[in-house]
Amino acid sequence: MAQHGEFIWADLTSMRPPQIRRFYADYFGWAIPDTPYAVAEQRGQPVAGLYEMPQTFQKIGMPSFWMSYMAVDDVEAAVSTARSFDGAKVELGPEAFEGGGRYALIRDPLGAGFTVFEGASLDGAYTGDGGRIGHALFVSDAQAVMPFYRAVFGWSFAPEAGGGQYRVTLQGRPVADLYEIPDPAVRGKEQYWGVLFSSARADSQDVTGLGGQVEAQMTLRQGTAQLVADPDGGRFFLVPSGRTDAAPRATPRQPWFAWAGLGLIGLAVVTGWGWISSLFFAVWVIMGLRDRATFLFQTVARDSHPTLYWLILGSFAALAVLSLVYGP
């Protein structure tokens, strides 16, 4: 039986299991049976599960998603601890798991979802080419979720070079990675647990040729990874086999919006037009509402610090009005 706080499994819920099975079988070479809950295997060892999304989720247009599973000694205790944190939610369970065990689906205070499992029936052992090689948490504010995971799993967080990067350890043993990426243009709109797979075929043409899409590229601890969406939108990280990098970092993009903003600042200085300052504050309000987090010397998430979050957004909104009326 796995130790409390260890990662033990991952599965994919999809809208079109037959088509999606073909995608993963063709790309990774997985052997996937035609069963309601299919356990994909690589070289005779289990890798991950695949099953059809419940109709309730399909009707609301939920995209396919990969889910990370962590072992717990007592699922009820894990649920109770999670509920004691503001912003955390128990979406489902505790319930019995088909084939044995009990589980619950939980969201951390920033909204990243995962499943806790009590029992001995799950086992994803294969980590070679085409195997599951890791799990990583991508959030806007690391400090907003660290106390939660310490309490639920007993994890520790060791900062790494580069800032905003942490090795997640359990009793001194590495189990996952955490990346603090405040910018949703780099991280993605949501806060999430990502599942990492290794493949010698880490080629974007191979992915697109099978109906998938490469959405982004990031350099993680395991190597330069591609964020891939399968034909139903299920996202996972693809790491080329045998490649590593010393420090995880997001691949830089040309910051066109920042250049445009700098130009507007210069225009405001030259012309004294108050509407430009007003526009800046209004954009910050809109982005804060969109991302459920804002920034004032540090990231402030709505779910973690709602009072401070709304005070900052209210101040930005007031400054937008004042700048429009009185000038910069």
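Reply: Buried means under 20% relative accessible area, exposed over 50%, and partly exposed in between, computed with a 1.4 Å probe on protein chains only. The model is a predicted one, in which local features need pLDDT of at least 70 and side-chain atom pairs count only at pLDDT 80 or more, while totals for chains, interfaces and linings use all residues. Residues are numbered from 1 along each chain as its sequence is written, and side-chain values use heavy atoms, with hydrogens and water left out.

A search of the whole structure gives 8 salt bridges, each being a side-chain nitrogen of Lys or Arg within 4 Å of a carboxyl oxygen of Asp or Glu. One of them joins Glu 6 to Arg 173, with the closest N and O atoms 2.6 Å apart. This pair links distant parts of the chain, 167 residues apart, since Glu 6 sits in the segment before strand 1 (7–14) and Arg 173 in strand 11 (residues 173–180); strands are DSSP runs of E, at least two residues long, numbered from the N terminus. Glu 6 is buried at 18% relative accessibility, whereas Arg 173 is partly exposed at 35%.

Strand 11 also holds Asp 177, whose partner Arg 221 lies in the loop between strand 13 (213–220) and strand 14 (223–229), 44 residues apart. Asp 177 is buried, with 2% relative accessibility, and Arg 221 is partly exposed, with 25%. Arg 167 belongs with Asp 177 and Arg 221 to a network of salt bridges.

Conventions. Helices (H or I, at least four residues) and strands (E, at least two) are DSSP runs, numbered from the N terminus.
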